[in-house]
Amino acid sequence: MKLKNILIVVKDIEKSKQFYHDLFGLDMVLDNEGNMILTEGLVLQDEKIWKGFLEKDIIPKSNSCELYFEERDIDAFVQRLEKLYPSVQYVNRLMTHSWGQKVVRFYDLDGNLIEVGTPM
């Protein structure tokens with residue numbers, strides 16, 4: 001068995017598609033009307049469809065998981081993030097861990113937690 005995709009719930013698939021393209025270079029692979037697969041295996045699921053499947057409320061900023069990306073030029077990434085999405089909500093701005101890795105954590109447009117760090 002192998003892990004195929006990671007799915008996140010979003011309110012506006014087009015805005016989220018643009019967000020993940022702008023910041024991470026992810027492109028659409030398949031669009032199934034409310035379920036969009038991006039490169040690297042990220043799936044965007046329309047919130048209305050997801051609620052219909054689960055019959056439960058969606059809890060943004062639940063902090064129970066995160067998407068983790070690595071970026072060698074993290075300073076340039078943070079500049080791009082601040083330029084393109086100045087109202088992004090940070091969990092922590094760019095910092096350096098005791099082991100030397102630089103990281104930034106923030107929420108996407110729908111409260112999904114993202115971490116971007118330098119390679120270890």
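Strand β5 (residues 66-70) runs parallel to strand β8 and is joined to it by five bridges, where strands count as paired if DSSP finds at least two bridges between them, and where helices (H or I, at least four residues) and strands (E, at least two) are DSSP runs numbered from the N terminus. The model is a predicted one, in which local features need pLDDT of at least 70 and side-chain atom pairs count only at pLDDT 80 or more, whereas totals for chains, interfaces and linings use all residues. Residues are numbered from 1 along each chain as its sequence is written, and side-chain values use heavy atoms, with hydrogens and water left out.

In the hairpin formed by β7 and β8, five residues lie between the strands, and glycine 111 takes a positive phi near 85°. Five of the five residues of β8 (residues 113-117) are buried, so the strand is largely enclosed by the rest of the structure; buried denotes under 20% relative accessible area, exposed over 50% and partly exposed in between (1.4 Å probe, protein chains only). In a regular strand the side chains alternate between the two faces of the sheet. In β8 both faces are covered, with Leu113, Glu115 and Gly117 buried on one side and Ile114 and Val116 buried on the other.

Helix α3 (residues 74-84) has Ile74, Phe77, Val78 and Leu81 as its buried residues. Viewed down the axis of α3, these residues fall within an arc of 100°, so they line one face of the helix, the arc being that of the directions from the helix axis to the C-beta atoms. The buried residues of α3 pack against α1 (13-24), β6 (90-96), β7 and β8, with contact taken as heavy atoms within 4.5 Å, while the face turned away from the buried side carries the exposed residues Gln79 and Lys83.

Aromatic rings of Phe, Tyr and Trp (its six-membered ring) pair if their centres lie within 6.5 Å, and planes under 30 degrees apart count as stacked, over 60 as edge-to-face and the rest as tilted. By this rule there are seven aromatic pairs. The ring centres of phenylalanine 19 and tyrosine 85 are 4.9 Å apart and their planes stand at 70°, so this pair is edge-to-face. Phenylalanine 19 lies in helix α1 and tyrosine 85 in the loop between α3 and β6, so the pair ties together parts that are 66 residues apart in sequence.
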